[in-house]
Amino acid sequence: MLLAIVLMIVGLFLLVYAADRLVYGASVLASSIGIPPLIIGMTVVGVGISLPELVVSTTAALNGQMDLAVGNVIGSNITNILLILGGAALIHPLSVRSDILRRELPLMLIVTVLCGFLLSDSELSRLDGVILIAAAAIFLMLMVKIAKMSQHVGQDTLTREQMAELPQDGSNTVAFLWLALGFIIMPLASNMIVDNASVIARFFGVSELVIGLTVVAIGTSLPELATFIAGALKGEDDIALGNIIGANIFNMCLVLGLPALVAPGHFNPDAFHRDYWVMLVVSVILTGLCLMRKHRIGHLAGALLLCGFIAYLGVLFFVPDSITFFNR
């Protein structure tokens, strides 16, 4: 059991490191062939933040562990808002200045509602996968268009902060090596996580869905945590929030869509009847906080979000029939 825990933790860190290096290599190569920094920031980096979730969920689905795949997505989105955003705002209040960011929020809610509609039958089909991946492509095109429009009236704070974070130099040879290393490490690390998550679930007598919602979700959210902390320390609140909003959208579109496409299947109904609604509520709360008149997420909001995460964990692990609990 101890070995399984250690191996899963090692796998999570390897996965996150490989994803970071893969994004670095892809950014350098994209820049070298003349792709504008704005496009790199919105696409390569945006998708790259969700790479750990994408690899883990796809691996789980291919292994017939759809509960783990779906739990990872929903749990990551809940973790991003309640734990990462809530904990950060408790320490350092966050201001929302970007017009692009405020336009992303309604898109996030639309994608969340679409996701709920597709999850309501407790099955992910190939058609669901096509719809979700198409939604991801539409979102990318919309965000690039909005970002380009914002440049005509003065650069938006979000795009300025994104471009400042892109690699400023690097050779193509090193970039290729990082890409190759990333593609080798990520599948290996993902298998370590998925296999040992099953061992842990069986040992503690909990479902793979709960392990996906908690341990795996928190682990695969490490890139969001790292970029959030880095952005907040530099006073780049918009990129910190933008990464969370973008990651949540890509999680629902790509990270659910690809597993559905390659290995469709049924999953535990609890994922929709209990956990999806938590994800929807916290997404609405995040939108409300960002669109309030002061456009500020303060200490009190951060404390409430963090308490919400603790309460959610309590329900998952200590309420025997949580579905009945939520439906009361």
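**Note on helix packing and selected residues**

1. G257 is part of helix α12, which covers residues 237–262. The model is a predicted one. With a relative accessible area of 0%, G257 is buried. Leaving aside residues up to four places away in sequence, G257 touches G129, L132, I133 and M252. The chain position of D128 is 129 residues away from G257, yet the C-alpha atoms of the two are separated by 6.8 Å.

2. Next, the protein as a whole. Its secondary structure comes to 15 helices and 4 strands. The protein has 328 residues, and buried residues make up 55% of them. Among contacts with a separation of 6 or more, 88% are between residues 24 or more positions apart. The pair G257 and D128, 129 residues apart along the chain, has already been described.

3. The annotation from the record comes next. An unreviewed UniProt entry carries the annotation "transmembrane region" for residues 34–56, 68–91, 127–147, 175–194, 206–233, 239–264, 276–294 and 300–319. Two of these spans can be set beside the model. Residues 68–91 are 100% helix and 0% strand, and the C-alpha atoms at the ends of that span lie 32 Å apart. Residues 300–319 are 95% helix and 0% strand, with end C-alpha atoms 27 Å apart.

4. Two packed helices are described by the angle between their axes and the distance between the axes. For helix α1 (residues 2–32) and helix α4 (residues 51–62), the angle is about 120° and the axes are 9 Å apart. Angles of 65 to 115 degrees would count as roughly perpendicular; α1 and α4 are therefore oblique to each other. Their crossing is right-handed. On the α1 side the contact involves L15, A19, L22 and V23, and on the α4 side L51, P52, V55 and V56. By class, the contact of α1 with α4 has 8 nonpolar residues, with no polar and no charged ones.

5. The second pair is helix α5 (residues 66–91) and α10. Their axes come within 7 Å and cross at roughly 50°. That angle makes α5 oblique to α10. The crossing of α5 and α10 is right-handed. From α5, the residues in contact are D67, L68, G71, N72, I74, G75, S76, T79 and L83. From α10 they are E208, L209, I211, G212, L213, V216, A217, I218 and T220. By class, this contact of α5 with α10 has 9 nonpolar, 7 polar and 2 charged residues.

6. L209, V210 and L213 of α10 make the contact with D270, A271, R274 and D275 of α13. The residues of the contact of α10 with α13 divide into 4 nonpolar, no polar and 3 charged.

7. Is T214 buried or exposed? Its relative accessibility is 4%, and buried means under 20%, so T214 counts as buried. T214 sits in helix α10, residues 208–220. Which residues does T214 touch, not counting residues up to four places away in sequence? They are L313, L316 and F317. T214 and T79 are 135 residues apart along the chain, and their C-alpha atoms are separated by 8.2 Å. T79 was named above as one of the α5 residues that meet α10.

8. At a relative accessible area of 10%, S122 is buried.

Key. Residues are numbered from 1 along each chain as its sequence is written. This is a predicted model: local features need pLDDT of at least 70, side-chain atom pairs count only at pLDDT 80 or more; totals for chains, interfaces and linings use all residues. Side-chain values use heavy atoms; hydrogens and water are left out. UniProt positions are given in the numbering used here, feature names are shortened, and annotations may be inferred rather than shown by experiment. Helices (H or I, at least four residues) and strands (E, at least two) are DSSP runs, numbered from the N terminus. Axes are lines fitted to C-alpha atoms, for helices over the stretch in contact, and angles run from 0 to 180 degrees between N-to-C directions. Angles under 35 degrees count as roughly parallel, over 145 as roughly antiparallel, 65 to 115 as roughly perpendicular and the rest as oblique. A crossing is left-handed if the near helix is turned anticlockwise from the far one by less than a right angle, and right-handed if clockwise. Contact means heavy atoms within 4.5 Å. Ala, Val, Leu, Ile, Met, Phe, Trp, Tyr, Cys and Pro count as nonpolar, Asp, Glu, Lys and Arg as charged, and the others, Gly among them, as polar. Buried means under 20% relative accessible area, exposed over 50%, partly exposed in between (1.4 Å probe, protein chains only).
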